[in-house]
Amino acid sequence: MRATGLNLNTLYTAVKTHFNQGRDTYKPLWPEIATLIESNTAMETYAWLGEFSRLREWVGEREINRMEMHGYTLKNKKFEATEGIPSEYIEDDTYGILMPKFQDMGYAASTHPDEMLFALVAAGFTQLCYDNQFYFDTDHPVGEEGDKKSVSNMLAGSGVPWFVLDTSRPLKPFIYQRRKPYRLNDKTNADNSDHVFMLDEYLYGVDARGNWGYGFWQQAFAAKVDLTPDNYKKVRQAMRGFKSNKGRPLGVKPTVCLVGPTWESAAEEIFETPTLPGGGKNPLYGKVKVVVCPWLE
């Protein structure tokens, strides 16, 4: 089969079909814990991070809540994956054997946002958030100028971390900033493609632009100690006690326990088992949703 325009269109249709099949085999986890922010520029600045919104009784003039200009900025990054099909596969009509590779490319496009997001979660102990502290830290400054106090959103230890999150608000604990969605492209025109002319190879690739970042640290708590009922209760109590810079309770509500494979069984026993090991009702059953991420270790 000659590599004509019609045949290359047929090939592209086959590649795209298998690419989409691969995408559909994976259900992303990121919507559980991250808010999607559509980006229209090279970078976005989240100056409004720092103070939760709240209404008050209107007495007298309006009270203006002015944003603290934190300058937390996420610069969009480019990502790609490219595969080549040698012309012999087209000439010999054997390109079908390569289609599983494009299914895998589609799968990679679906998993990539999760891989990037959960790498960000794991790096929260050493990466800065809007208040210029590590996202998971023991000394976040809270309070108005002249009356700052240090607040912790982590239980220190030496174990594999697990996380408790409040995902009940419109802004979740993490940000997925999307500049350009993942899309499939081809470079197959031998008449004007130097690559095809020089290497006798047809290219298919997926690319995207975006970035991932931290939202309010008050909506996330990390623990490097064993995942036990008592340690979870410590985390829950700490999160519910978080206050704004003006001293009002934030009403943080733990909704997700995020774990990697190490703590999967413990999380299931604590939150997904109706009865206690020795009998009796489990008071923590269903209190939070367990989200297991294979990239958290």
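The exercises below concern a predicted model of one protein chain.

Residues are numbered from 1 along each chain as its sequence is written. Local features need pLDDT of at least 70 and side-chain atom pairs count only at pLDDT 80 or more, while totals for chains, interfaces and linings use all residues; side-chain values use heavy atoms, with hydrogens and water left out.

**Exercise 1. The whole chain**

Task: State how many helices and strands the chain has, and what share of its residues is buried.

Solution: 
- Step 1. Helices (H or I, at least four residues) and strands (E, at least two) are DSSP runs, numbered from the N terminus. The chain has six helices and 13 strands.
- Step 2. Buried means under 20% relative accessible area, exposed means over 50%, and partly exposed lies in between (1.4 Å probe, protein chains only). Of the 297 residues in the chain, 42% are buried.
- Step 3. Areas come from the Shrake-Rupley method with a 1.4 Å probe, and for residues only the protein chains shown count as cover. The accessible surface of the chain is about 16,200 Å², and 51% of that surface belongs to carbon and sulfur atoms.
- Step 4. A contact means heavy atoms within 4.5 Å. Among contacts between residues at least 6 apart in sequence, 76% join residues at least 24 apart.

**Exercise 2. Salt bridges**

Task: Find how many salt bridges the whole structure has, then describe the one between Lys-289 and Glu-32.

Solution: 
- Step 1. Side chains of opposite charge can pair when their charged atoms come close. A salt bridge is a side-chain nitrogen of Lys or Arg within 4 Å of a carboxyl oxygen of Asp or Glu. A search of the whole structure gives six.
- Step 2. In the salt bridge of Lys-289 with Glu-32, the closest N and O atoms are 2.7 Å apart. Lys-289 is in strand β13 and Glu-32 is in the loop between α1 (5-24) and β1 (34-38), so the pair ties together parts 257 residues apart in sequence.
- Step 3. Lys-289 is partly exposed at 44% relative accessibility, and Glu-32 is partly exposed at 25%.

**Exercise 3. A network**

Task: Describe the salt bridge between Asp-207 and Lys-180, and name the residues of the network that includes them.

Solution: 
- Step 1. The closest N and O atoms of Asp-207 and Lys-180 are 2.7 Å apart. This pair links distant parts of the chain, with Asp-207 in strand β10 (residues 201-214) and Lys-180 in strand β9, 27 residues apart.
- Step 2. Asp-207 is buried at 18% relative accessibility, whereas Lys-180 is partly exposed at 25%.
- Step 3. Salt bridges that share partners join Lys-180, Arg-183 and Asp-207 into one network.

**Exercise 4. One histidine**

Task: Decide whether His-140 is buried or exposed, and list some of its contacts.

Solution: 
- Step 1. His-140 lies in strand β5 (residues 140-142).
- Step 2. The relative accessible area of His-140 is 0%, so this residue is buried.
- Step 3. Beyond neighbours within four places in sequence, His-140 is in contact with several residues, including Cys-129, Tyr-135, Val-151 and Trp-217.
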